[in-house]
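Please read them beside the coordinates.

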Amino acid sequence: MIQLAFFRRQHCAMVMVLLLACSPSAFCQISVSPASIELDGPESTVQLAVWKPLPGGRVLELTRMARYQIIDGNAAGIDANGLVQPKADGNATLEISHAGETRRVPVVVKGVKHPQPVSFATQVVPILTKSGCNSGGCHGKAEGQNGFKLTVFGYDAAADHQAIVVEGRGRRVSTGAPMSSLLLLKGTAAVPHGGGRKIVEGSHQYKLVARWLAEGARFDDAVAGETVRLEVEPATSRMAPGESRQLRVVSVGADGRRRCVTTEAEFDTNAPNVAGADRKGLLRAGDVPGEAAVLVRYMNQVAVCRVTLPGSNSGFPRPPEVNFIDTLAWNKLSGLGLAPAGLADDSTYMRRVYLDTIGTLPTAAEARAFLLDKTPEKRALLADALFRRPEYADYRALLWSDLLRVDRDALKAQGSVAMARWLRHAFATNMPYDKFARAIITARGGISGDSPASFYKVLDNSESMTRSVSQLFLGVRIECAQCHHHPSEKWGQDDYVALAGFFTGVGKKVLPDGSEAIVAGPAVDLKHPRTKVLVPARPLGGAPVAADLPDRREALADWMLHPSNPYFARAAANRIWAHYFGHGLVEPIDDLRATNPAVNEELLDALAGHLRDVKYDLIAFTKSIVASRLYQLAAAADAGDERNFSRSMPRTLPAEVLLDAVCQVTGVPEKFSGWPVGARAIQLWDNRMPSYFLQVFGRPVRATVCACERGADPSISQALHLMNSPEIQARIRSRKGVAARLAASSLPPDAIVDELYLSCLARFPTPMERAAMVRIFGDGQEARRSAAEDALWAIINTREFVYNH
Amino acid sequence: MMDSRDANATHCPGPTAFSRRRMLKIGASGLLPGLTLPRFLQLQATAGTGSTPRAKSCIFLFLQGGPSTIDMWDLKPDAPVEVRGPYKPISTKVPGTFVGEHCHRTAKIADKMTMLRTHSHNDNGHTTGCHYLFTGQRAAFADGANSRVPVNDLYPSVGSVVSRELGPRGGVPPYINVPHPLTAGGPGFYGAEHAPFVIESDPVQPDFEVKDLLPDAKLGDIRNRRRQELLRAIQPEGNRVGAAGTMSTYYEKARGLISSPTARLAFDLSKENDKTRDAYGRTSLGQCSLLARRLVASGCRFVGVDHGSWDTHFTCFPSLEKELIPHADMAFSALVSDLADRGMLDETLVVMMGEMGRTPRVNAQAGRDHWSMAQTVLFAGGGIVPGKVIGATDKNGTQPTADPVSIQDILRTIFHLMGIDSDKTYYTPLGRPVPVVSGGRIIDSLLGA
């Protein structure tokens, strides 16, 4: 009865909360926000928040439990959720009482009798946004919906006004009979509406739109009322499972005016299991310990409330610290109450660091030598040796070939080979990452030469170059701002075209020998898609660059690689981290923004600083990661934390790595058409090499620069393939294979089993495993051979083999 | 997790049939605090009383993208030209019932099916619409986000519900997707155990086969058994975390498949003669429908056939009349006739629909856009009353004239026909109760009332 136990635990927690709340201390007093209320206009609202502080930084939420009363004056009313609404101009006093305590809040109401005209841009558009009218699935999509097209998320109020008031021969509004306007009739589904009922008749949104119509459906440029900043209160919240907390959202205008926009704002979360907020801004904690960023969006501005839901084990003894990574990780885990797992044993560490660093399993001989080695610093020595192996460069080149879209169908063999060779060389010589990035960003020359020029071959215009470079090297998904203001970022269309202006000089040229080259000449500025005004090229959040540079991309690279650049090093650090831990500090790994914070911001900042400190030496940086105790934690054995790195999570092996592993442990290499025998899958530049194995285990087609393209989902087909496929059977049964060789040797059965375990899992079998395996060995060559084959088959089909732990 | 195969069994197996492990599973599911063995047995004994389900299986032909049902099954010949489009209605085997001229094969079997013309909802997105359709729950994500399958990571799809409630009745998995995974066909919080088996191969291809279905025959049964025993011995239960845990579940399902000779036969389309294969149409939808019939005959409970390209925003009529409609028309009519000829129609429910219909008004690009407010859905077999037309849309096909039918209504009716209790509640991993269907009512007119 797990559920029952869970509820009981909850219940106990609640009782404790109440006991704490009632103890006679300073914590007993209720708090109310705001301290005074000003309502301006008949449709204005103010959300109240009432709570009681508790020890340990938590609060007891009371907004929906307190009793409310207007005791003096009749100007305003309040509902049970604590939403204050105006009734008439004048003053009132709101009394809030709970458990014998009372607070009073003065209320001033104006503008009810003679309201300010409704602002289309700052009052009507947010209603269209919160109701979903201008969402990407509806009237906000590029072609609109049924002839009615709004700008997505309402980024362009002037165009929306035009669409509502002028287009469609003006049939959508009737200022003389506002309630008969098609806008309201459709919105309330009084006449057939594909989107159904979006606005409730008589609601505050309805009244506001109706008044705007009655006032002549005017457009105001509304600069004074424009929101320049959004504040959410509280900005951080420490909660217990199942608790709730009322958020308040305040818009700060260009004129400094503050308005409560809690009912108008939209809420979203990056971790629904930890916490989320409903339409009314009521924050609710789930029961998975961790942190959540609850995103608040209003009028192109965003704010974040960071919620911490600590686990139960905050007092764990702090494990030793190898370097800054451990210090910052233990800090975070203490705050979360998540005790880190113990240290992984030598076998687990060895297999993990091999697979992560060189995409290759240790051989039985390597595993035996390492396990028997008594040198105290043997783990660090092992890592050092791995970074010097050629497979390190092979594997990094493979993963970067995904990101740089080395697709044979797009590049032809010459282009693919050239890029793969350049990448391999870059990693083999440990090219500093800043130099590496600059070489790619400013690439030019023949696409079959020794350069990354073919990156620009697959990107057919300056905009796709912008999007790819931004996502790849800055972790900014600027493509959202191509068509509209980024929904969860500060970037708008002007930022997008300003960035694209760096790439307009890049072109392709056919050389006399028929091959293609990337050329870069003077660039031109691009027009804002809406205003048609030329936007000078400038980097994100930076100043415009000189117009007459020979290759603007150099200036972009200068900006990216400047030590003060807030994106470049963080994006790189997060990408490498994700490779070594199975998931990034920020997920998705190439979507870094204030509204999608890292699970450990301090750690990501420190890693970015470290990358700069080591002058972008990737090997030095990565060695710090694998040296940390955090990297060497034991693997998860049961349900629990999966996001905060308190233990090692099993991770899917890339298709190529798994195929190489199967080949290595069976002793039978894959034969790739046109490649020499012994060529390994991680060395393949050809992403179209026919291989059912690679296809079914999720090889990407390299259609985007997104690391998410590599499939990580298991399937029945994978299980069937590993168990039954003729290809793998042939390897296990091969006369030249490992099973046949071991069976033919003079080794006794238990030694054969040891060899198989060492080669597949880098460990010796447990006594139980050894006994189960030895039991199937019979006398005679044939019996030994079949037993060795079956033992090998069984190990290949374990979770331990198929995953990296 | 509670395994409801038992609860729906027609005979009571008695207390000895319960292993301790099963009881632990029942307890751990948190189904009902305080559910004791006697209470469970009592539930079991009373399960199925009320109506006798007739549908043992369901074949769900999913026209992904949104079929233009106004051009297929709900024509508006009296509407203005920009609404009625170029097609003429034709009469069907049922007097007074008409379909579009390109559905002439379906017209001939109109007495074996029923058209529901009043399906209506208000989610006009593809990924969100698919999520809504397959789970009966509104999507919590923005449309277009995360189109990697499956998108229903919390709520189970209709096929996963059927898999959980009815379980297998033969050697094939209870829930299969062909030839691709359905966008929202995943198991949600029901977990990998109720995920579809996806045949990653299109039966219209000449070399179609389900790969790796059988172990190496040369090894012989004894060694194949020894291998599986060895694997069980060295890999204890537990330690099922994240993706590796999911993989274990897939291994169990794979083992079930391998050990089933009926599975191999069911997947073998070459056992069908050319005449039959031609009748279904040598198209992806046609051959998938034929395969679906074979799978159902072997005990599959729910086959989801994914058929794409119905999102006809631009110049829609050439592709509708040359490919999309004829493919759907052939596949549906051949499937229904074939099931009827084999005496299987009564126990096999066939549903054909998309996530939305298309706009009544033809747009400036000679296409039709998304229109979830009105869609016609075809039902056949499984205990529905055939030969009817249920409901009507208004003169331009914009919305039902009365009693719109929701997704929840359709799901509830499918479950009712299959003998599944739509009000049964399961708890999410966070302890939130989620009924099989939230709301909705059974479409009585489909059942004869």
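1. In chain A, four strands make up an open sheet with mixed pairing, ordered β12-β20-β19-β16. Strands here are DSSP runs of E of at least two residues, and helices are runs of H or I of at least four, numbered from the N terminus; two strands pair if DSSP finds at least two bridges between them. β12 (236–238) and β16 (266–269) of chain A are at the edges with a single partner strand each, so one side of each has no neighbour in the sheet. From one strand to the next, the twist averages 20°, with axes fitted to C-alpha atoms and angles running from 0 to 180 degrees between N-to-C directions.

2. Within this sheet, β19 (residues 290–298) and β20 (residues 301–309) of chain A run antiparallel and are joined by nine bridges. A:Arg297 lies opposite A:Val302 in β20(A).

3. This is a predicted model: local features need pLDDT of at least 70 and side-chain atom pairs 80 or more, while totals for chains, interfaces and linings use all residues. Residues are numbered from 1 along each chain as its sequence is written, and chains are lettered from A and ligands numbered from 1 in the order written.

4. Chain A has 29 helices and 27 strands. Of its 805 residues, 50% count as buried (20 or more other C-beta atoms within 10 Å of the residue's own, C-beta atoms being placed from the backbone).

5. Contacts (C-beta atoms, placed from the backbone, within 7 Å) link 51 residues of chain B with 53 residues of chain A. On the chain B side, α8(B) gives the largest share, eleven residues.

How values were computed: Contact = placed C-beta atoms within 7 Å. Buried ≥ 20, exposed ≤ 12 C-beta atoms within 10 Å, placed from the backbone.
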